[in-house]
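Visitor: I have a structure open here and would like to go through it with you. Can we take it piece by piece?

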Amino acid sequence: MNDLIRRYGVTITALMCLLVAFWLVMLVVVPNITLFEQSFRPYLPVVDVGGPKDVYSLRNYAKVFDGSIERSFFGIPYMIPVHVMTFGLTIWYSIVVTVACFALAYPLAFFMAKIANPKSLPTLLLLLFIPLWVSEVLRAFAWWIILAFKGPLNALLLAIGAIDEPVRWIVGYDGVVIGLTYAYVLFMLFPIYNAISSLDTNQIEAADDLGAPWWKIHLRVVLPHAKPGIASGCVMVFMLSAGSLLVPSILGSTTSQWFTQTIDQWFKDALDWNTASAYAFILLLLCTVFVSIALKVFNVKLSDIAK
Amino acid sequence: MHKLRMNLARLYMGLFLVFMIAPLAVMSGAAFNDNRLPSIVPWKGWTSRWFEAMINDDRMMVAFGNTLVVAVAVAVLAVIVGTASAILINSISGRVRTLLYSMMISTILIPGVVIGISTMILWTKMGNAMGTEFFLFNPGLHLSVLGQVSYIAAMVMLLVLARLQSFDAGLEEAALDLGASHAQVLRRILLPYLYPAIGAGGAVAFFQSIENYNVTQFTRGGMDTLTVYVFSMVRSGVTPAINALAFLLIMVTLVLALIYEINRRRLARVEAEREAEARRATALEEAI
Amino acid sequence: MSAKIDLENVSCDFGSFRAVDNANVSIEPGEFFSFLGPSGCGKTTILRMISGFIEPTEGAIKIGGKDMRGQRPNQRPTALIFQNLALFPLMPVWENISFGLEVRGVDKATRRKKAEELLELVDLMGAADKMVSQLSGGQKQRVAIARALAVEPSVMLLDEPLSALDLKLRQHMRAELRAIQKRTGVTFIYITHDQGEALAMSDRIGVMSQGRIQQIANPRDIYNAPINGFVAGFVGENNIFEGKSGAVAAGMAGFDTAYGTLRARINDDAKGSALRLYVRPEHTLLSAAKAEENSIPVAVSEVSFEGAFISILCHSDDGKLIVAELRNDGSATVPDIGTKLHASFDAARAALLPDANVRG
């Protein structure tokens with residue numbers, strides 16, 4: 001604190017501390033605490049709030065386990081609560097999206113960092129940034145057009161003879177996965193690109209010179225170095241996917257349900273903010289747990305994750 | 001690298017770019033197709049009626065206006081908070097720094113749904129507790145602004161911090177030594193250095209705000225923003241008027257990107273010339 | 001107006017590390033004073049204390065008789081030239097120079113005029129509108145000096161400003177700096193690890209080691225009459241002999257060594273401590289015949305041509321290296337390698353000195 005005052009003077013330091021405090025306290029910490037507290041209260045009309053019926057309970061959380069349906073796993077039928085299944089599928093498909101984004105982004109990141117002409121890089125980066133600036137809803141909608149039964153993708157594939165009949169692309173979770181991958185692949189690309197850029201090219205050349213095949217060079221030299229970038233990208237894509245509401249809503253089908261949509265239904269349709277809070281908190285908690293485990297596995301700290 | 005692998009890599013790069021850009025092209029194309037549903041197949045002929053429809057769609061225009069107002073507010077707030085945070089973080093070290101930094105980064109990772117709901121609940125509860133009807137404590141666009149700033153400020157902070165790390169703190173000391181007050185040091189030395197990052201942060205904040213849905217959806221009360229409106233239209237029944245709007249937005253983005261690129265190249269040229277002049281002067285000196 | 005600077009019992013601690021220990025010095029107005037010493041000796045700390053970026057843990061710093069405790073850097077009548085110059089990259093040269101005036105509210109036209117006057121003073125006319133990135137190393141130096149002079153400081157503080165320049169330029173700038181100082185009459189406090197610089201430019205030098213000032217004197221006395229082994233060794237070359245001091249008479253003492261009893265100067269306060277004999281190579285004479293006193297038989301092992309002088313490296317019978325220097329003016333014949341000679345020196349040119357004044 002003394003260093004701050006010495007460097008910037010008392011007034012400016014106080015101002016900065018005030019702004020940061022406003023942000024972190026009023027906009028981050030307190031709302032989340034409120035959410036947490038609210039999630040334990042029952043949904044009551046305004047008059048009853050604070051009264052005898054307003055007791056803390058875990059009832060809202062227990063609603064996750066309501067309404068079981070039957071599912072089969074390799075032919076073995078079992079019962080599972082609907083919302084738990086929704087949550088599980090959300091997590092599963094978010095992982096799929098993360099893996100897909102990695103598969104797409106890694107080769108490109110390597111190309112940009114090590115192979116491409118450095119002079120054309122800023123232009124390339126700019127070109128890649130352009131889709132980001134266009135709103136996510138419009139991009140999801142674009143895919144809705146492309147993947148439509150009578151849409152251009154089918155038309156193209158029919159025209160070049162790859163398929164005989166139009167394919168229903170927006171079925172199950174397929175549309176959602178494609179949409180999410182398109183939306184967030186750049187969030188995987190840039191951290192990995194940054195990480196690989198900092199790798200000394202001489203190391204790759206040394207490995208090559210010592211006779212290593214290209215896949216081994218990547219496995220033993222490039223990937224370990226890019227680990228923080230990969231972890232950063234995976235965490236970002238996973239969290240964004242699991243928390244996405246737009247894409248699953250637009251590109252979802254009748255047989256797909258994203259956990260965020262469930263939360264939205266509690267909030268908008270049932271007007272039950274409390275249960276929505278509980279579900280939102282479940283999402284936050286389990287995603288945090290997942291991310292923490294992933295960080296531990298990759299041996300990366302939260303502070304390494306930056307653009 | 002082998003020629004074949006080089007070309008394969010370039011091909012992949014090209015395909016990736018196509019993958020990224022094609023949906024935008026499709027979006028734009030549908031804006032001109034004389035087809036009641038948004039698509040480019042079947043192509044029924046060029047038309048500009050969707051642009052007219054867009055302008056006549058009052059609700060969309062209102063939503064667009066709201067979106068812009070929110071985006072400007074968010075950009076201003078996020079830049080102020082983000083820059084202050086970056087300067088603060090840059091000047092401290094140790095456990096406090098790690099803690100604050102982690103807290104700031106975590107805001108980007110929190111699902112927007114959580115931010116939206118928590119912001120809503122907090123401010124309405126505060127309003128109820130204080131028994132006031134003051135607009136601040138009711139759902140509305142101002143709550144959307146607050147919710148969006150909570151994570152967009154972190155993005156601005158990251159951009160400004162990156163620029164700060166290449167700043168020579170000796171410049172601040174030199175200015176102080178010459179008699180400048182702290183405010184003068186900030187205004188004449190530090191902030192001018194940060195302007196590129198602050199500008200970039202403002203742009204990022206602006207565009208991130210425009211495309212935000214999750215936070216806005218829960219906090220807006222009855223107000224419309226562009227994302228909310230488009231989303232509701234997709235659900236209820238959509239006309240290519242949306243594509244007309246999309247085309248315009250894409251065009252604006254392209255033009256801005258072009259201006260940025262031209263400016264960047266110009267600046268790079270000027271810098272290179274200056275350095276060449278310095279090298280010539282140094283060579284002259286050494287020949288003394 | 002240039003001012004007097006007093007450091008009274010100044011010490012500075014960083015945690016448990018004492019960077020400056022009990023420094024006492026009075027610098028006269030208009031003087032060119034250098035702090036000379038190796039890295040880590042505390043000279044940078046002293047400079048930062050005088051300029052106000054660090055407060056001394058003990059003692060007082062007075063400028064013009066006024067105690068500077070509590071005065072922030074922007075309140076002190078000092079101007080600091082940083083080692084990396086710290087010129088403002090986003091401002092043209094004239095704005096850099098007039099920045100000190102700008103923050104004092106001087107109007108633009110006056111500032112521009114002053115900047116151009118100063119550019120003339122430092123011999124850099126026509127550069128007013130250039131950007132810093134267009135300048136060479138020497139030009140940047142001059143801009144930094146002009147910028148500091150613009151605020152008319154009582155004291156100029158210079159932190160090894162020439163270390164980044166190459167040899168020829170450094171020598172040129174030495175003369176420049178000295179000339180500017182004489183012209184403006186401002187007190188200059190200069191820190192460096194380069195003894196040649198300090199000797200060439202200063203009115204007085206304070207030699208430092210490990211936080212303590214070892215000696216304060218003018219360059220001649222620092223070189224010819226160092227008060228301890230550290231100063232003697234840091235400034236110039238030496239031949240050093242171990243031994244025990246014996247009888248003292250009229251400022252001269254006997255010194256028992258492996259080469260017989262040598263005689264050299266001794267200071268009054270040097271008695272009692274462990275002493276060594278120091279004599280410079282240029283005062284070490286080589287002759288075919290044995291000298292009257294202070295004579296050591298040697299054999300020439302190497303001859304090194306150094307330009308203005310020639311180094312003769314000899315070894316005594318027990319293998320000790322003794323260096324003699326000859327002027328490259330053809331006055332003396334250069335001996336061949338292997339020649340057996342006698343190395344000797346005038347007792348008045350040698351000194352018995354204690355080791356450095358360090359913390360126990």
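**Rings, cores and a sheet**

Guide: Ring pairs join A:W143, A:Y182, B:Y12, B:F16 and B:F19 into a cluster. Keep in mind that this is a predicted model.

Visitor: How many aromatic pairs are there over all chains?

Guide: A search of the whole structure gives 22. In one of them, B:F167 and B:Y193, the ring centres are 5.1 Å apart and the planes stand at 50 degrees, so the pair is tilted.

Visitor: Where do B:F167 and B:Y193 sit in the chain?

Guide: B:F167 is in the loop between α6 (141–164) and α7 (169–177) of chain B, while B:Y193 belongs to helix α8 (residues 182–210) of chain B. They are 26 residues apart, and the pair links distant parts of the chain.

Visitor: Is B:F167 buried or exposed? And B:Y193, buried or exposed?

Guide: B:F167 has a relative accessible area of 10%, so it is buried, the cut-off being under 20%. B:Y193 is buried as well, at 12%.

Visitor: Which charged residues sit over rings?

Guide: C:R147 is one of them, over the face of C:F88 at 4.7 Å from the ring centre. Another case is C:K320, whose charged end is over the ring of C:F241, 5.2 Å from its centre.

Visitor: Switching to packing. Which residues have the most contacts inside the largest nonpolar core?

Guide: A:M112, A:L128, B:I117, C:F35 and C:M156, in a core of 259 residues.

Visitor: What does A:L128 touch?

Guide: Leaving out residues up to four places away in sequence, A:L128 touches A:L108, A:M112, A:L186, A:L189 and A:F190 in chain A, and B:M13, B:F16, B:L17 and B:M20 in chain B. There is also a second, separate core of 23 residues, which includes C:L277, C:V279, C:V298 and C:I322.

Visitor: Back to A:W143 for a moment. How many residues of helix α5 of chain A are buried?

Guide: 10 of the 11 residues in α5(A), which spans 136–146, are buried, so that the helix is mostly covered. A:W143 is among the buried ones, as are A:E136 and A:R139.

Visitor: I also marked A:I282. Where is that, and what does it touch?

Guide: A:I282 lies in helix α12 (residues 273–298) of chain A. It touches A:Y61 and A:V64, again not counting residues up to four places away in sequence. Its relative accessible area is 16%, and A:I282 is buried.

Visitor: How many helices and strands are in chain C?

Guide: Nine helices and 21 strands. Of the 360 residues of chain C, 52% count as buried. Its C-alpha atoms fill a box of roughly 75 × 45 × 35 Å along the principal axes.

Visitor: What share of the contacts in chain C comes from residues 24 or more positions apart?

Guide: 65%, taken over contacts with a separation of 6 or more.

Visitor: And the five-strand sheet, in what order do the strands run?

Guide: The order is β16-β20-β17-β18-β19 in chain C, an open sheet with antiparallel pairing. β16 (285–287) and β19 (321–327) are the edge strands, each pairing on one side only. From one strand to the next the twist averages 45 degrees.

Visitor: How many bridges join β16(C) to β20?

Guide: Three bridges, with β20 covering residues 340–344 of chain C and the two strands running antiparallel. Across that pairing, C:L286 stands opposite C:A343 in β20(C).

Terms used: Residues numbered from 1 in each chain as written. Chains lettered and ligands numbered in written order. Predicted model: local features only at pLDDT ≥ 70, side-chain atom pairs only at ≥ 80, totals over all residues. Heavy atoms only, no water. Core = buried A, V, L, I, M, F, W, Y, C linked by side-chain atoms within 4.5 Å. Buried < 20%, exposed > 50% of the residue type's maximum accessible area, 1.4 Å probe, protein only. Contact = heavy atoms within 4.5 Å. Pairing = 2+ DSSP bridges. Helix = DSSP H or I, 4+ residues; strand = E, 2+ residues; numbered from the N terminus. Axes fitted to C-alpha atoms, helices over the stretch in contact; angles between N-to-C directions. Phe/Tyr/Trp six-rings, centres within 6.5 Å; stacked < 30°, edge-to-face > 60°. Lys NZ or Arg CZ within 6 Å of the ring centre and 35° of its normal.
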